[in-house]
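Let's take a walk through this model, with the sequence and the 3D view side by side. Keep both open as you read.

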Amino acid sequence: MCGIVGYVGSEPAGPIVYGGLENLDYRGYDSAGVALVEEPLTIAKRTGEVSELEVPGAPGATCGIGHTRWSTHGPPTDPNAHPHTGQTDEVAVVHNGIIENYESIKEELQEAGHDFSSDTDTEVIPHLLERELENGHDLLSGLETVVDMIEGSYAIAAVRAGHDRIVATRHESPLVVGHGDDASFLASDVTAFLDRTRDVTYLEDGDIARLEAGSVTVYRDGDVIDRDVETVEWDADAAEKGGYEHYMRKEIHEQPTALRQTLSGRVDVERGGVDLDVAFPQGYLESLEEIQLVACGTSYYASQYAAQLLEEFADVRATVDIASEYTFDGGRDPWRTLVIAVTQSGETADTLGAIRRAGGAGARTLAVTNTLGSSVTRETDDALFIRAGPEIGVAATKTFASQVTTLALLAADIGRQRGTLAATDAREVLEHLRSLPGAIQQVLDEEARVVAGAEQFVDADAFFFIGRQFGYPVALEGALKLKEIAYDHAEGFAAGELKHGPLALITDETPVLSVLTEGARPAETLNNVTEAQAREAPAVGVTDGTVETDSLDLTLEVPEIGALTPLVANVYFQLFAYHVADLQERSIDKPRNLAKSVTVE
Ligand code: M6R
């Protein structure tokens, strides 16, 4: 997730674009940059937050674009910062999203003599655009042609030296246009320019827009089309949260988009293949004896989910350790143990300590993280990025889903390479992964039912979450969310363990929330729910219809997608925790005593 800004009008563009970037820094803060339209273009960009960028004076430039970056391809460095230019510096481009086929395009351009100065996927766009200008196109028709060549998700804005206009397009990444009296604005979201105009047009996938001072023209398939102008009523704070009251709820709702990014360009269903940017040395996977995952909190529960997938797909022993408790025990040849540090931030001190111990003992190490350039990526042999975009709420939500998804891809990839996952089985797994965003959207569409459930149970004495198999880590994660943001007593249990002690805590004031889906041994779990109901506990169950749930107090439905069904069920638990906390007016995004990134041991 990056932030894009554009302005064309009658005032100096530099300060306006810069102001827009400041408003979008929650979308990423790895680097920032602007391109101001003069002849030639004036470009300034650097790593670091927007506040570290010095925008050139350029008082004569009344058109410009800007970018604040959340790295996906290439680490946060000055050359990787946007805007990017091509061979002749005639055009500058900013981009949010991922160009999936950039490698083949880059190769072709390099063979044709183009030099590249960054590691990004984005840089192919200005090179292609310049080539189309040379072929006689203008910037608009050039962009139309380039869009036909690229695959992936993107919001793109481009400017050309000496021409006061911006052209822009989108596919699966947000882009909104603002209409001023004598000016036009462009941004990834309205927060960027809300202080200047509230009249906006949300572009749709496939739209190509041309912005000039005070006029915006939208094209589709070469024809001019009308798009509605809407007036935004939100204040700036609400707009930054996409109209949601809290980042946490926004991030819960971002999961379908985040997962599309996680999966983008990595899945080839037909071939039953996975394409990750991690290359193990030849023969390494065949000689692999064990995979150890180390993590904390939500990342630990994601690892518990993933370990089961790794054992199933890759037929390799997989263990999970709480990072602060981890000691490396790697047998006679430590290199044959792959140790994976799973950490959203990449900065968790306990996880860094664990991976250092593993690397120091001679194990091969891999980071699975959301944060390019984070400390963990410097400690490990390889890094794999979950691409969830920035997560601001202290409670991890979308990153849990993206972690499990990324690790599921890794498990399938290792399984394919070790020959333990047949192509037909891999195809089924990849189909399920591909249907995850849609399945989660179905849950999000049922939020009103969760609100009703939260109202019913908000005054409960305690909450118990139970599940088996993949439902077990989901139960643990569901309880953690509720503890963390509602400050209510909540515990997660392996469903079968309830009768070995915790059942003594059950009363009519302790709701039991259960995962009753494929991948969570629903029939056996339902027996444990019945045991709790016999002690008068109210019962809430997430089901995909495989077991009869008529006797439950609240049943929440999910579509069945194999081993990933409990991951979909988890979204109900996230929403439940959110609404219970909201009813109690808790400090949801910044719960007491907690920090987003825990950098002390
Ligand atoms: O950044 P990390 O994934 O390493 O963070 C690990 C935990 O601190 C984190 O998951 C924490 O448990 C969350 N606040 C849970 O919502």
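How many disulfides does a search of the whole structure find? The search turns up 0 disulfides. Bear in mind that this is a predicted model. While we're on cysteines, Cys 63 is buried, at a relative accessible area of 0%.

**The annotated active-site residues**

The unreviewed UniProt entry puts the feature "active site" at Cys 2 and Lys 596. Of these residues, Cys 2 is included in the lining of the largest cavity. You'll find Cys 2 in the segment before strand E1 (3-8). Is Cys 2 buried or exposed? Cys 2 has a relative accessible area of 6%, which is under the 20% cut-off, so Cys 2 counts as buried. Leaving out residues up to four places away in sequence, Cys 2 has quite a list of contacts: Arg 27, His 67, Thr 68, Arg 69, Trp 70, His 95, Asn 96 and Ser 188.

Now for Lys 596, which sits in the segment after H17. With 27% relative accessibility, Lys 596 is classed as partly exposed. Which residues does Lys 596 touch, not counting residues up to four places away in sequence? The list runs Gln 344, Glu 391, Ile 392, Gly 393, Val 394, Ala 395 and Ala 396.

**Rings and charges**

Searching the whole structure gives 9 aromatic pairs. One of them joins Phe 185 and Phe 193 in a tilted arrangement, 5.6 Å from centre to centre and with 35 degrees between the planes. Phe 185 and Phe 193 are both buried. Ring pairs also bring in Tyr 7, linking Tyr 7, Phe 185 and Phe 193 into a cluster.

Another pair is Phe 463 with Phe 576: the ring centres are 5.8 Å apart and the planes stand at 75 degrees, so this pair is edge-to-face. Why does this pair tie together parts that are 113 residues apart in sequence? Because Phe 463 belongs to strand E23 (residues 463-467), while Phe 576 belongs to helix H17 (residues 565-583). Phe 463 is buried at a relative accessible area of 0%, and Phe 576 also counts as buried, at 4% relative accessibility.

The charged end of Arg 592 is over the ring of Tyr 487, 3.9 Å from the ring centre. Arg 364 lies over the face of Tyr 284, at 5.5 Å from the centre of that ring.

**Around helix H1 and strand E2**

Helix H1 (residues 13-23) has these buried residues: Ala 13, Gly 14, Ile 16, Val 17, Tyr 18, Gly 20 and Leu 21. What covers the buried residues of H1? The cover includes E1, E2, strand E4 (63-69) and strand E10 (184-187).

Strand E2 (residues 31-36) is where you'll find Val 34. Val 34 is buried, with a relative accessible area of 0%. Apart from neighbours within four places in sequence, Val 34 is in contact with Val 17, Leu 21, Thr 42, Ile 43, Ala 44, Leu 53, Val 55, Pro 56, Ile 65, Gly 66 and Pro 83. As for Val 93, which is 59 residues from Val 34 along the chain, the two C-alpha atoms are separated by 9.7 Å.

| Span | Helix | Strand | Distance between end C-alpha atoms |
|---|---|---|---|
| Residues 276-420 | 41% helix | 20% strand | 18 Å |
| Residues 453-591 | 38% helix | 17% strand | 22 Å |

One more residue deserves a stop. Where is Thr 351? Thr 351 is in helix H10 (residues 349-360). With a relative accessible area of 1%, Thr 351 is buried. Setting aside residues up to four places away in sequence, Thr 351 touches Val 294, Ala 295, Cys 296, Ala 323, Ala 341, Val 342 and Thr 343.

Conventions. Residues are numbered from 1 along each chain as its sequence is written. This is a predicted model: local features need pLDDT of at least 70, side-chain atom pairs count only at pLDDT 80 or more; totals for chains, interfaces and linings use all residues. Side-chain values use heavy atoms; hydrogens and water are left out. Rings of Phe, Tyr and Trp (its six-membered ring) pair if their centres lie within 6.5 Å; planes under 30 degrees apart count as stacked, over 60 as edge-to-face and the rest as tilted. Buried means under 20% relative accessible area, exposed over 50%, partly exposed in between (1.4 Å probe, protein chains only). Helices (H or I, at least four residues) and strands (E, at least two) are DSSP runs, numbered from the N terminus. A charge sits over a ring if NZ of Lys or CZ of Arg is within 6 Å of the ring centre and within 35 degrees of the ring normal. UniProt positions are given in the numbering used here, feature names are shortened, and annotations may be inferred rather than shown by experiment. On a 1 Å grid over the protein atoms alone, a cavity is a set of points where a 1.4 Å probe fits but cannot get out, and a pocket is an open set with protein on both sides within 12 Å along at least five of seven lines; lining residues have an atom within 4 Å of a point. Contact means heavy atoms within 4.5 Å. A disulfide is a pair of cysteine sulfur atoms within 2.5 Å.
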